[in-house]
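Subject: Structure handover and notes on packing

Dear colleague,

Please find the structure below, followed by my notes on what turned up in it. I would be glad if you read the notes with the coordinates open beside you.

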Amino acid sequence: MGPFLITNPPAERFLQYWYYEQDAEEALPPTVYELLNQVMTLESEQIGELSLQGRSFVIIISPLYNLKSVRGAVAVVRDMTEERRLDKLRKDFIANVSHELRTPISMLQGYSEAIVDDVAETPEEKKEIAKIIYDESLRMGRLVNDLLDLARMEAGHVTIRREEVEIIPFIERIVTKFNGVAKEKGISLGVKISEDVNRDSWLQVDGDKLEQVFTNLIDNAIRHTPAHGHVSVTIESLVSSYLFTVSDTGSGIPEEDLPFIFERFYKADKARTRGRSGTGLGLAIAKNIVDAHEGQISVQSKYDHGTKFLVNIPKIK
């Protein structure tokens, strides 16, 4: 096999991944050699795809002619990881919506049938069934509303109604809402304020929407933190922004899941969240709200060592 030329930047990354992965001293993966042989034999363009280090690459190899004969080939490598990821998210979205709706619909049908068929005889039994039907209808309503909110945000239709919000009282009020739940679970919950944050420090933000962000983050932290654990909200003043950190000593998030934490329907612990009121859309909505405030939200986590969400909101310009 004669020399060949690869000119585009993804090819360099492709080769680096291959050199890192390979056991034998092969210059290229066997798939590429097979494509090259087909190009030389068939004298036509060949396309193949393979994965290296979790990334998807498409390889297009075209013949190079020297007058009438094929003297070599040009291989163009394209990193298709993002396209494949988006395609997977699209398929997962359909599957997840169907899955989330299936359970409440089944329960609505089953329990309403019990009333129609007079399976529930006593007023107490009927009331209990009616309560289940009501709760499941609320759950479906939350899912649909969250989907509509997220669709509007991702379409750029989110409306931010900015107002002056005093930072410390704002955060303390949100944290106070969770005191009862935290105490019931045996979790310590508190606010830590950096010395450079004054009591009267304020931001110009949409208070209701930002409260939705921190409510979701604190609720998640408490939900995934075992008894005797700790959840804290820290406020710091940076040069051009305020940094809010929601930390917990909970179960943490596996490293392979971290890139998808803000995707729709992501659930850190599917076994523990199944059947709860969460829709798996909270973090996706939170990210859209923070983005609309021209801020940033990120996550740091180590499995079995806890999780830390960082929310950066720009100061008033």
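Leu217, leaving aside its neighbours within four places in sequence, is in contact with Val246, Leu283, Ile297, Phe309 and Val311, where contact means heavy atoms within 4.5 Å. Leu217 is found in helix α7, helices here being DSSP runs of H or I with at least four residues and strands being runs of E with at least two, numbered from the N terminus. With a relative accessible area of 1%, Leu217 is buried; the term buried stands for under 20% relative accessible area, exposed for over 50%, and partly exposed for what lies in between, with a 1.4 Å probe and protein chains only. The C-alpha atoms of Leu217 and Lys308 are separated by 9.5 Å, although these residues are 91 apart along the chain.

Before going further, please note that this is a predicted model, in which local features need pLDDT of at least 70 and side-chain atom pairs count only at pLDDT 80 or more, while totals for chains, interfaces and linings use all residues. Residues are numbered from 1 along each chain as its sequence is written, and side-chain values use heavy atoms, with hydrogens and water left out.

Val311, one of the contacts of Leu217, lies in strand β10 and is buried, with a relative accessible area of 0%. Not counting residues up to four places away in sequence, Val311 touches Phe214, Leu217, Tyr242, Leu243, Phe244, Val290, Gln296 and Ile297.

Next come the aromatic residues. A search of the whole structure finds four aromatic pairs, a pair being rings of Phe, Tyr and Trp (its six-membered ring) with centres within 6.5 Å, counted as stacked if the planes are under 30 degrees apart, as edge-to-face if over 60 and as tilted for the rest. One of them joins Phe170 and Phe214, whose ring centres are 6.5 Å apart and whose planes stand at 75 degrees, so this pair is edge-to-face. The pair links distant parts of the chain, since Phe170 belongs to helix α5 (residues 167–176) and Phe214 to helix α7 (residues 207–223), 44 residues apart. Phe170 is buried at a relative accessible area of 8%, and Phe214 is likewise buried at 1% relative accessibility. Phe262 and Phe309 form an edge-to-face pair, at 6.2 Å centre to centre and 75 degrees between the planes; Phe262 is in the loop between β8 (241–248) and α8 (270–273), whereas Phe309 is in strand β10 (residues 306–314), 47 residues apart. Both Phe262 and Phe309 are buried. Phe170, Phe214 and Phe244 form one aromatic cluster.

Which helices pack against α9? Helix α7 does so at an angle of about 145 degrees, with the axes 9 Å apart, the axes being lines fitted to C-alpha atoms, for helices over the stretch in contact, and the angles running from 0 to 180 degrees between N-to-C directions. In this contact Lys209, Leu210, Gln212, Val213, Asn216, Leu217 and Asn220 of α7 meet Gly282, Leu283, Ile285, Ala286, Ile289 and Val290 of α9. Helix α4 (residues 123–154) also packs with helix α9 (residues 282–292), at an angle of about 35 degrees and with the axes 10 Å apart. Here Asp146, Leu150, Met153 and Glu154 in α4 meet Ala284, Ile285, Asn288 and Ile289 in α9.

Finally, some loop residues deserve a look. Gly295 is placed in the loop between α9 and β9 and counts as buried at 9% relative accessibility; apart from residues up to four places away in sequence, Gly295 touches Val290, Asn312 and Pro314. Glu294, found in the loop between α9 and β9 (296–302), has a phi near 60 degrees, a positive value in a residue other than glycine. Phi of Glu43 is also positive, near 55 degrees, and Glu43 is found in the loop between α2 (30–42) and β1 (46–52), where it counts as partly exposed at 41% relative accessibility.

With kind regards
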